[in-house]
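Visitor: I would like to learn how to read a helix and the sheet beside it. Could you walk me through this one?

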Amino acid sequence: MTEAAPVSIEASSPFELRVNLGKDLPETTVKEALATGDMGFLHSFTTGSFLDGPGARVVAWTTGCGWRCQYCHNPDTWTLRNGFPISVQKAADELRKYTRGLAKMGGGLTISGGDPLMQDRFTAKLLAAAREMRVHTCIETNGFFGEKLTDPELDTIDLVMLGIKAWNDELHQRLTGRPVEKTLAFARRLATSKKRMWVRFVLVPGLTDDPADIARIAEFAAGLGNVERVEVLPFHQMGRFKWHQLGIPYPLESVVEPSVEATEKACDVFRSAGLKAT
Ligand code: SF4
């Protein structure tokens, strides 16, 4: 396993491999952090992203994810202690540096991961702090732990980017290691509360490209009434080196990126259901 470089809060991108940054913390401290949210674990902050929500985003990349998506490009974020410990106050202070620029560029804070709801208390506190600064807030999640957020906490989120990975549950479990239902339940809850939502769908040739399966996701998403857009993300191999360096067998070693035409075709399935897809 690769040893961690000296940590800085900011990374040039989430594709920096980061490991073991919180490994020396006592278990009781970690448990307390998870229970209170006064401290969290972050892979990094990145700034200036235009890919993680509307406008320019500061992204807080949390560590911890209970899923094992075959195409995950940040497997170093699976393990909570790979992230560095940071107080919620310090994380908020970091965000505060950018508030003026974010407002000018129509952007805000996105909390991604990993899955930010693995650290639901920290995520909720950071969202509340951002809301106090009048910063636009967004979380990117697989929704599995959506029930951990209370309704008032949901109110502090302007936009949820929800990953729907597959419709067929057998495929979903093979792809992620988890059933799809809790993701769908969270989507329904967001729809009931009229929360703005973007759906993210990763297109992997030979794995998630069955038009019938995509059509079921499209039909579901269109029926919710709160989905503003669907982002079809073509699979890529930018995270392959992380699997190799972490020594995790990588199941998609020889899979190639989908063609532009195939990606457009998947977008068309969503468009046919009346959704905006890019
Ligand atoms: S949910 Fe996201 S972070 Fe977790 S394994 Fe899947 S792609 Fe990776």
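Visitor: How many residues does helix 8 have, and what does helix 8 reach from its first C-alpha to its last?

Guide: This is a predicted model, where local features need pLDDT of at least 70, side-chain atom pairs count only at pLDDT 80 or more, and totals for chains, interfaces and linings use all residues. Residues are numbered from 1 along each chain as its sequence is written, and side-chain values use heavy atoms, with hydrogens and water left out. Helices (H or I, at least four residues) and strands (E, at least two) are DSSP runs, numbered from the N terminus. Helix 8 (residues 211-224) has 14 residues and reaches 20 Å, close to the 20 Å expected at 1.5 Å a residue; that expectation is 1.5 Å times one less than the number of residues.

Visitor: Which residues of helix 8 are buried, and which are exposed?

Guide: Buried means under 20% relative accessible area and exposed over 50% (1.4 Å probe, protein chains only). Asp-213, Ile-214, Ile-217, Ala-218, Phe-220, Ala-221 and Leu-224 are buried. Seen down the axis, they fall within an arc of 165 degrees (taken from directions to the C-beta atoms), so they line one face of helix 8. Glu-219 and Gly-223, on the other side, are exposed.

Visitor: What follows helix 8?

Guide: Gly-225, with a positive phi near 85 degrees.

Visitor: In what order do the strands of the sheet come?

Guide: Strands of a sheet pair through backbone hydrogen bonds, either parallel or antiparallel. Here eight strands form an open sheet in the order 3-1-2-4-5-6-7-8, with mixed pairing; two strands pair if DSSP finds at least two bridges between them. Strand 3 (84-87) and strand 8 are the edge strands, each pairing on one side only.
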